[in-house]
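Good morning, and thank you for coming. I would like to walk through one structure with you, beginning with a single residue and ending with the way the chains meet.

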Number of protein chains: 2
Amino acid sequence: MGPINRREREKEALRTQILDAARYLFARDGYDAVTMRAIAERIEYSPRTIYLHFQDKEDLVRELCRHDFQAFGADMAKTAKVKDPVERIKAIGLAYARFGAENPNHYRLMFMSGAPDYEGMGEEEWKGNPEVDAYAFLLGTVQEAIAADRMALKDAELITQTLWAGVHGVIALDIAKCNDPWVKWRPVSKRVKTMVDVLVGGLVAPPRKGR
Amino acid sequence: MGPINRREREKEALRTQILDAARYLFARDGYDAVTMRAIAERIEYSPRTIYLHFQDKEDLVRELCRHDFQAFGADMAKTAKVKDPVERIKAIGLAYARFGAENPNHYRLMFMSGAPDYEGMGEEEWKGNPEVDAYAFLLGTVQEAIAADRMALKDAELITQTLWAGVHGVIALDIAKCNDPWVKWRPVSKRVKTMVDVLVGGLVAPPRKGR
DNA sequence: TGACAAAGTAAACACTGTTTACATAATGAA
DNA sequence: TTCATTATGTAAACAGTGTTTACTTTGTCA
């Protein structure tokens, strides 16, 4: 337990401080409002110091989201306890939507901004990426439902993408357009429920003859 | 036909020149790539000159979109010739999606960025706003379908919002995430068709007994 | 011709993210 | 203890953004 450990702990503590300050600003005002100078001011360090802990702003915010998106992954995983695959699909949709509605700035960054470059990203880096995990989780459930002969279509990817797009549409529209006065918006929870019910209802196979 | 007219024509011509330069940059590289200096350089004027014709950058780009979105309104209006309201709903969805897929930068600005302030906007300004018109057009068609007893639900706003969200989800996800390598994306046209078919299928009333 | 208004400009302002060059302070070795 | 080294942090600057202030040029009309 020499001073090296202490210094490392201090370094880690400052890194956390930076992340906390950034998280506060980001959750409150969104990506653009998080300026390096504002973060620096909040933690009472010079702007340059941030660059000793993060490569650049994108790196910082991405780290921020990765951390917070653990909750996203956890929410999704909780639905695994639902046995029936069709009901689980519904549960995933609702959990996904709730997270988006409650974390609009995170959601916006992860699913509504231009894609971050995945070019230099090896397959190993996808592991643990909640975006990927959540997609894979939904895809697996859809495959399970297909295997149980519960779905009207057999293309698991197409079904998954349609379900994702539907719920994403409700949330994304809500985030971007909820203040438009020329739409009499129904409550977002109701819109989500309608979307999930209609999509799942339309994708599930009609009961077989003789049942 | 004095020189005043000529000057006004010249002024109008320069305004058009600015818009053309901005349109070129915007369509090619998106909102952030359109810098006032880049526009000025393209038309070989000083940056300040742009401000003699437009209040600020947002004003310019908004004007840009309003102009180009006439095509959007026209696309929507074309579907009016479809007599059957349910079929017309499908046609609107497909037309909407096609426009989004073919004009991703415009689409992103209009439907995926933070809401522009509608606060100071009177009702008269909504008229002619293609966003509003398209929504109203779809809403009207849904109401028509409800009146004809063709829909399973009776809440026209809720149905309209669900349809919009579904197609928006496909397009928005495509624009933001089409390069993600961990999704085996089906062609966007197929995803749109699936979305429209499933949604409409789920929202249309089952045939009455005895028919 | 001369007053006047419009059109256009250079330079600056305030704000970004980021970097260069420098100071400070803590550490391990002589 | 003293010194060199290394990590830590900073002030000032750079290059870019949208936008404005103060000024010059230009064209029009009396």
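Let me start with a definition: a residue is called buried if 20 or more other C-beta atoms lie within 10 Å of its own, exposed if 12 or fewer, and partly exposed in between. Please keep in mind throughout that this is a predicted model.

B:A80 sits in the loop that joins α4 (57-78) to α5 (85-102) of chain B. Between B:A80 and B:R15 there are 65 residues of sequence separation and a C-alpha to C-alpha distance of 34 Å.

A:Y96 belongs to helix α5 of chain A, and A:Y96 counts as buried because it has 24 C-beta neighbours inside 10 Å. Leaving out residues up to four places away in sequence, A:Y96 touches A:A134 and A:V167.

Now to the chain as a whole. Chain A contains 10 helices and zero strands. Of its 211 residues, 34% are buried. Among the contacts in chain A with a separation of 6 or more, 66% are between residues 24 or more positions apart.

In soluble globular proteins, nonpolar side chains tend to be buried together. Here the largest nonpolar core has 104 residues, and those with the most contacts inside it are A:A22, A:V167, B:A22 and B:V167. Setting aside neighbours within four places in sequence, A:V167 is in contact with A:G93, A:Y96, A:A97, A:V192, A:M195 and A:V196.

Finally, the interface. The contact takes 40 residues from chain A and 40 residues from chain B. On the side of chain A that touches chain B, α6 (104-112), α8, α9 and α10 (188-203) each supply at least two residues. Which helix gives the most? That is α9(A), with 14 residues. By class, this side of chain A has 22 nonpolar, 11 polar and seven charged residues.

How are the two chains related? Chain A is superposed on chain B by a rotation of 180° with 0.0 Å of shift along its axis, at an RMSD of 0.1 Å. The two copies are thus related as by a two-fold rotation axis. Within chain A, the C-alpha nearest the axis belongs to A:G169, at 1.8 Å from it. Moreover, 100% of the interface residues of chain A are also interface residues in chain B, so the copies meet through the same surface.

That concludes my presentation, and I welcome your questions.

Definitions and conventions
Residues numbered from 1 in each chain as written. Chains lettered and ligands numbered in written order. Predicted model: local features only at pLDDT ≥ 70, side-chain atom pairs only at ≥ 80, totals over all residues. Contact = placed C-beta atoms within 7 Å. Helix = DSSP H or I, 4+ residues; strand = E, 2+ residues; numbered from the N terminus. Nonpolar A, V, L, I, M, F, W, Y, C, P; charged D, E, K, R; others polar. Least-squares fit on C-alpha atoms with pLDDT ≥ 70 in both. Core = buried A, V, L, I, M, F, W, Y, C linked by C-beta atoms within 7 Å.
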